[in-house]
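Dear colleague,

I am passing on the structure we discussed, and below it you will find notes on one part of the chain. Please read them with the structure open beside you.

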Amino acid sequence: MKKLCTLFVYVSLWCLAAFPVYSQELSELSLPPNGDNSHAQVSQWVGPVKITIDYHSPNVHGGGGADRTGHIWGELIKYGFFDDGFGPSKAMPWRAGANENTTISFSHDVKIEGQDLKAGTYALFLDVEKTGPWTWIFSNHSTGWGSYQYDPKNDALRVPVNPETAPYTEFMTFGFDERRPSSAVAFLQWELKRIPLTITVPNVNDLYAAEMRKELLGWPGFNYRNWQTAAQFCADHKVNLEEALVWADKAISEPFRGAALGHEDFSTLQTKAAVLQAMGRDHDADAVMEKALRIPGTEALAIHSYGVRLIATGKSARALEIFKLNQQLHPDEKFVTYVGLARGYAAVGDKQNAIKNWEIALRNIPENRKAQLPVYESALKKLKEGM
């Protein structure tokens, strides 16, 4: 029995030595990555969408420290679909890394180089070519070891891209740059090459609205300001407007009956008006703002800001009406109201009255606004020069 046990141990050790990759794959122990190709992961958010690339990173001076500079592309990484002589695939692309499949995950649907791709996790392969574009391949079979079992029937998407010359990079690295509110460029960089991949979230603002919808069903929904914030976001980006109008009304009156009260004030009414305006219901929006403007306690600066926004949207005549009303409602305010009148008259082309009101405003500038005096004086100077 003792000899049998000894023989079993000997055979087991021989197998581990003879098949190191196999043993690593089946081991339940923490072992160094095969070939010391370190495991890496990089994530990037595009709006509420999370993108994660998981890979093993080879280096140029791999294989016992040999310098493989100039021998990566087309030699170590073969051109086209090749037969590596191992596994069932006789036409395999590069695994875009080492060891297990490189994978890329998307929390939501996205567009890759303008083409649709569903949320999920995909194996990421790369067809490397001597001339012409290279091709990123997204495979539904994401749990393999390398591309030895690659089968084109599992392809979810293929997109051609043009490789770029890049600064020397010792370790193969994935990253993200050119980050925008609704897009980013993922890239693989190694040796002297950079291979980009443009990822776009075309409906990013709808996704934000969807996230807010879920959040408002929880604790944030007990605060009327959160309902207002969500409604204002939708108005600003012209998304989800029908529901945004409901959210605006909840901010005004009882988001949670008997538990959390809404607030009807200039700010919440202005948000409702913004939603209505985004819906093209300008008459209804103006009616809401007429009510908001006359709520007791509404500050002159809030009304002034509303007038400025009207000018920005091309409603100069309406803005001048608001600035005049602001002066009537706040006769003791000698700076903000006159600045508003100056801007309103300038917007409708009445430079004479604009200059007159700027001069009154500058004579009454408060201490906390004197740091902006050069800006105001410049506006006045431009008006005078244009007379």
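Against which helices do the buried residues of helix 10 pack? In this predicted model, they pack against helix 8 (300–312), helix 9 (316–329) and helix 11. Helix 10 itself has 12 residues and reaches 16 Å from its first C-alpha to its last, which is close to the 16 Å expected at 1.5 Å a residue. Of those 12 residues, 9 are buried, so helix 10 is largely enclosed by the rest of the structure; the buried residues are Val-336, Thr-337, Tyr-338, Val-339, Gly-340, Leu-341, Ala-342, Gly-344 and Tyr-345. Just after helix 10, Gly-349 takes a positive phi of about 90°.

Helix 12 (residues 373–385) has 13 residues and spans 18 Å from its first C-alpha to its last, again close to the expected value, here 18 Å at 1.5 Å a residue. Its buried residues are Tyr-376, Leu-380 and Leu-383, and because they cover an arc of only 55° around the axis, they lie on the same side of helix 12. What covers these buried residues includes helix 10 (336–347) and helix 11 (351–363), whereas the face of helix 12 turned away from its buried side carries the exposed residues Pro-374, Val-375, Lys-381, Lys-382 and Glu-385.

To bring the two parts together, helix 11 is among the elements covering the buried residues of helix 12, and the buried residues of helix 10 also pack against helix 11.

With best regards

Terms used: Residues are numbered from 1 along each chain as its sequence is written. This is a predicted model: local features need pLDDT of at least 70, side-chain atom pairs count only at pLDDT 80 or more; totals for chains, interfaces and linings use all residues. Side-chain values use heavy atoms; hydrogens and water are left out. Helices (H or I, at least four residues) and strands (E, at least two) are DSSP runs, numbered from the N terminus. The expected span of a helix is 1.5 Å times one less than its number of residues. Buried means under 20% relative accessible area, exposed over 50%, partly exposed in between (1.4 Å probe, protein chains only). The arc is that of the directions from the helix axis to the C-beta atoms. Contact means heavy atoms within 4.5 Å.
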